[in-house]
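Please consider the following structure with attention to its helices, its pockets and its aromatic rings.

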Amino acid sequence: MDCRETILNVDLQKLRDNAAHMIDLCADHGVQITGITKGCCSDRGIVEALIDGGIRSIGDSQIHNLQKLEGLDLERWMIRIPAPQEADALIRYAEVSLQSEKVTLEAVNRAARELGKTHKVILMVDLGDLREGSFDKRELLEQVSFVTDQSHLELYGIGTNLGCFNFIRPDQEKMQALLELKNAIGEEIKIVSAGNSSGINLMRSGGMPEGVNHLRLGESILVGRERETFTYLEGMHNDAFILEVPLVECKTKPSMPIGTIGRDSYGNSPKPVDIGERKRGILAIGKQLTDDQTIFPVDPKIQIVGSSSDHLIVDLSDCDINYRVGDRIPIRLGYFAIMRAFTGAGIRVKYCN
């Protein structure tokens with residue numbers, strides 16, 4: 001008997017629809033995509049649904065997640081810069097990787113030679129977000145020369161990442177800079193990858209210059225949202241992931257705690273507001289398995305108060321439904337909440353076709 005009482009309902013048809021819609025939208029602008037499934041740990045059932053929707057390239061930041069996808073008809077991308085020690089596993093379980101260090105490229109070439117394979121390389125460039133990639137044009141061109149000289153590496157393309165660390169927005173100036181670097185390479189490459197879901201608005205507005213032909217999309221496919229302005233996209237589903245969590249306590253309590261307030265696990269002091277007595281509920285989930293900043297109760301009258309490691313506190317005072325202990329409360333998950341749910345071990349996944 002499965003004792004896990006929290007259920008994650010995954011609507012595979014909605015994910016198929018999102019994949020097909022995004023492929024068509026990007027194709028209208030001359031852009032192909034790699035579907036990023038690190039948010040669901042490259043769950044095989046979800047990846048198969050995305051394949052049904054037309055996805056032919058899948059990316060993840062963990063090699064062990066890509067290993068799950070053996071035997072599927074797709075191109076696997078390792079989208080986190082790998083360590084040299086990961087070279088052997090990388091060659092076994094990924095066809096493409098993002099790279100920025102010569103020592104790692106040397107290790108990858110050795111591993112590919114030993115395994116009798118050729119590995120495709122996307123060289124990353126840093127256009128100002130200050131995460132991964134060569135910041136210096138000369139370094140990039142040196143890496144291009146190195147890759148093209150190796151027997152078991154293929155220069156597949158160049159790429160950049162924006163909107164993830166310092167949240168620098170992609171714009172026409174950044175994309176033109178990427179295209180100029182592509183032109184400076186002097187080699188025929190297939191991929192010029194503009195980044196993630198934060199590039200969708202630029203593409204839709206016609207700001208993506210011809211020649212920038214690729215996006216790595218996770219959040220937009222899984223939850224139907226672009227990352228630049230955090231707007232849900234028309235025609236896409238944002239509710240493919242619904243978590244059902246048991247209500248384990250329901251009592252009327254004051255909204256203001258009694259006693260001296262200390263600090264939480266991050267060193268911050270809570271700042272509660274006294275709004276009188278409220279009907280408070282506790283759901284059987286907390287920070288260990290979810291992210292209370294990216295969850296949305298399906299009942300809009302449920303208010304999230306906060307969470308500890310394994311308790312989610314909600315305010316039920318204004319609800320039309322008389323919730324009782326034992327009821328499962330449905331919650332729509334955003335991107336980071338999906339990620340937390342799939343990396344935890346206490347949630348049962350249930351697929352709906």
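The model is predicted, so local features require pLDDT of at least 70 and side-chain atom pairs count only at pLDDT 80 or more, whereas totals for chains, interfaces and linings use all residues. Residues are numbered from 1 along each chain as its sequence is written, and side-chain values use heavy atoms, with hydrogens and water left out.

Helix α5 covers residues 102-115; helices (H or I, at least four residues) and strands (E, at least two) are DSSP runs numbered from the N terminus. From first C-alpha to last, α5 reaches 20 Å, close to the 20 Å expected for its 14 residues at 1.5 Å a residue; the expected span is 1.5 Å times one less than the number of residues. Within α5, T104, L105, A107, V108, N109, A111 and A112 are buried, where buried means under 20% relative accessible area, exposed over 50% and partly exposed in between (1.4 Å probe, protein chains only). The elements that cover these residues include β6 (119-125), α6 (137-149) and β7 (153-160). Just after α5, G116 adopts a positive phi of about 70 degrees.

The largest pocket has a volume of about 850 Å³. On a 1 Å grid over the protein atoms alone, a pocket is an open set of points where a 1.4 Å probe fits, with protein on both sides within 12 Å along at least five of seven lines, and lining residues have an atom within 4 Å of a point. Grid points are joined across faces, edges and corners, and the volume is the space filled by probe spheres set on the points. Of its 29 lining residues, P270, P272, V305, G306 and S307 are the closest to the centre of this pocket. Strand β13 gives the largest share of the lining, five residues.

The second largest pocket has a volume of about 540 Å³. Nearest its centre lie K38, I79, R131, C164 and Y335, and the largest share of its lining, four residues, comes from α10.

Three aromatic pairs occur in the structure; rings of Phe, Tyr and Trp (its six-membered ring) pair if their centres lie within 6.5 Å, with planes under 30 degrees apart counted as stacked, over 60 as edge-to-face and the rest as tilted. The ring centres of F241 and F342 are 6.3 Å apart and their planes stand at 85 degrees, so this pair is edge-to-face. Because F241 belongs to strand β10 and F342 to helix α10, the pair ties together parts 101 residues apart in sequence.

Terms used:
Contact means heavy atoms within 4.5 Å.
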